[in-house]
Amino acid sequence: MIRTVVWNENVHEQKSQVVRDNYPDGIHGCIAKSLNASGKISATTATLQQENHGLTAQRLAETDVLLWWGHAAHGDVSDDVCDMVCDAVLSGMGIIFLHSAHFAKPFKKLLGTSCNLTWREAGERERLWTTAPNHPILDGVPHHFELENEEMYGEPFGVPEPLETILISWFEGGEAFRSGLTYKRGAGNIFYFRPGHETYPTFHHDTVQRILTNAVLWAHNPQQRIADVHDAPNVPIEKSLEPLTQRGAKLHREGEDGFR
Ligand code: ZN
């Protein structure tokens, strides 16, 4: 079983009846339930309001894949938790960023760019097209499918060029967007998935649930995690594999800093 945590800021659910009607158990509860139904994933949840946002170093070490939904409270996520999440990704934890998590602290830190986009909330139709139909995240996904009501996100999307663009979206108002992107940072697999605005029932959609289940399976890196991603050990001359008998005069003059 792939150990998975669905993290949600869980703010709109407290303030909006529409969101509560869509997600009585929260966005996190809905996603975790659908992942668990796969029989291959053991999904639990964590929210912003919990101590340490529900994410300790120990819990992250025991998490194969983390999903992240946030929107209204990105700034309330502590920098320490953001750093822990990013280090876990570099060490090999998979991570899936959903919809407005394009502005989540760990997403911006891992990708290092503005992550800006254009947007409009008009409940318009979104048509998603697969661009890499043989990709494992798209296993069983039709060549195109539609979400009747979604928020529009448009290009330019201020992210680094991804490893793979596996989904693109067309919106009723005319815009287009790269909606399924993969990255690798360190040993960690990253997937960004665009749909998932809180006032629409997107995470109940069969194809969306299928994509997220596939994405968890894809993002899981079964290799042993890197123990310390900040470790940069020096290999002293006396421990080099081959004897270093001649030292460059310019770089290794005896007595200067860095020379022993
Ligand atoms: Zn939204």
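## Sheet

Two strands count as paired if DSSP finds at least two bridges between them, a strand being a DSSP run of E with at least two residues and a helix a run of H or I with at least four, both numbered from the N terminus. In β4, I96 is the bridge partner of L67. Strands β3 (residues 65-69) and β4 (residues 94-98) pair in the parallel sense over five bridges.

The model is predicted: local features need pLDDT of at least 70 and side-chain atom pairs pLDDT 80 or more, while totals for chains, interfaces and linings use all residues. Residues are numbered from 1 along each chain as its sequence is written, and side-chain values use heavy atoms, without hydrogens and water.

The open sheet has nine strands with mixed pairing, in the order β2-β1-β3-β4-β9-β8-β7-β5-β6. β2 (41-47) and β6 (144-154) are the edge strands; each has a single partner, so one side of each lacks a neighbour in the sheet. From one strand to the next the twist averages 25°.

## Helix on the sheet

Helix α5 (residues 79-91) packs on the sheet and touches β3, β4, β8 (176-185) and β9 (188-193), contact meaning heavy atoms within 4.5 Å. The direction of α5 makes about 120° with that of β9; axes are lines fitted to C-alpha atoms, for helices over the stretch in contact, and angles run from 0 to 180 degrees between N-to-C directions.

## Nonpolar core

A nonpolar core is a set of buried Ala, Val, Leu, Ile, Met, Phe, Trp, Tyr and Cys residues joined through side-chain atoms within 4.5 Å, buried being under 20% relative accessible area with a 1.4 Å probe, protein chains only. The largest has 37 residues, and L66 is among those with the most contacts inside it. α5 gives the most to this core, six residues.

Terms used:
Buried < 20%, exposed > 50% of the residue type's maximum accessible area, 1.4 Å probe, protein only.
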